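Let's take a walk through this chain together. Have the sequence and the 3D view ready, and we'll go from one feature to the next.

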Amino acid sequence: MRRLVLLAALLSLAAPAHANPGAALADALERNGIQVRYDTGRCRLPGVLGSYNLARRLITLCPAKMRSARQLFHVLAHEAVHAAQHCAGVNTILSTQEITPSVTDADLDTLHLYKPYERAAELEANVLSRNALAPGGEALLIRLIDTAC
């Protein structure tokens, strides 16, 4: 668990970049038994860009609703963080003190969409997925998935 926290902490410190990340994350998820599917029935729900189903270990993405490949990667990374949380058997990998400095106003604006017990996990997924866009961020997220799952 200590290694998992270290990897997540490193990912939380990564500064966002402008590079377009690759598809290695989807391969890592599949390698760890987490399916990635596109345009399932969940995509018909308003506002849903992606989701993670704990019981089925399934990430659903809705690329038709997204503006760019970068946004698609961001949503995949967000759901991958939820998969890592689930694999590790924790609500959040990082402590509130580690997550809070990277939380933005936009993150806080979406919290009302979630149940109170889901909010910390959502904030962590927002922070770590945003930082997965940084140089080396995708590799750190892949290491987090490999370690947790």
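**A walk through the fold**

Helices here are DSSP runs of H or I with at least four residues, strands are runs of E with at least two, and both are numbered from the N terminus. This is a predicted model, where local features need pLDDT of at least 70 and side-chain atom pairs count only at pLDDT 80 or more, while totals for chains, interfaces and linings use all residues. Residues are numbered from 1 along each chain as its sequence is written, and side-chain values use heavy atoms, with hydrogens and water left out.

Step back and you'll find 7 helices and 3 strands in the chain. Along the sequence they follow the pattern α-α-β-β-β-α-α-α-α-α.

Now for the sheet. The 3 strands make an open sheet with mixed pairing, in the order E1-E3-E2. Strands E1 (35-38) and E2 (50-53) are at the edges, each pairing on one side only; pairing takes at least two DSSP bridges between two strands. E1 and E3 (residues 58-61) run parallel and are joined by 4 bridges, and Gln35 stands opposite Leu58 in E3.

Two helices go with this sheet. H2 (residues 24-31) lies across E1 and E3, at about 125° to E1. H3 (residues 69-88) packs on the sheet too, touching E1, E2 and E3, and its direction makes about 20° with that of E2. These angles run from 0 to 180 degrees between N-to-C directions, using lines fitted to C-alpha atoms, for helices over the stretch in contact.

Next, look inside. The largest nonpolar core has 33 residues, of which Leu25, Leu29, Ile59, Leu76 and Leu141 touch the most other members. Such a core is a set of buried Ala, Val, Leu, Ile, Met, Phe, Trp, Tyr and Cys residues joined through side-chain atoms within 4.5 Å, and buried means under 20% relative accessible area with a 1.4 Å probe, protein chains only. H3 gives the most to this core, with 8 residues.

Ile59 is worth a click: leaving aside neighbours within four places in sequence, its contacts (heavy atoms within 4.5 Å) include Leu29, Val36, Tyr52 and Leu76.

Methods: Buried means under 20% relative accessible area, exposed over 50%, partly exposed in between (1.4 Å probe, protein chains only).
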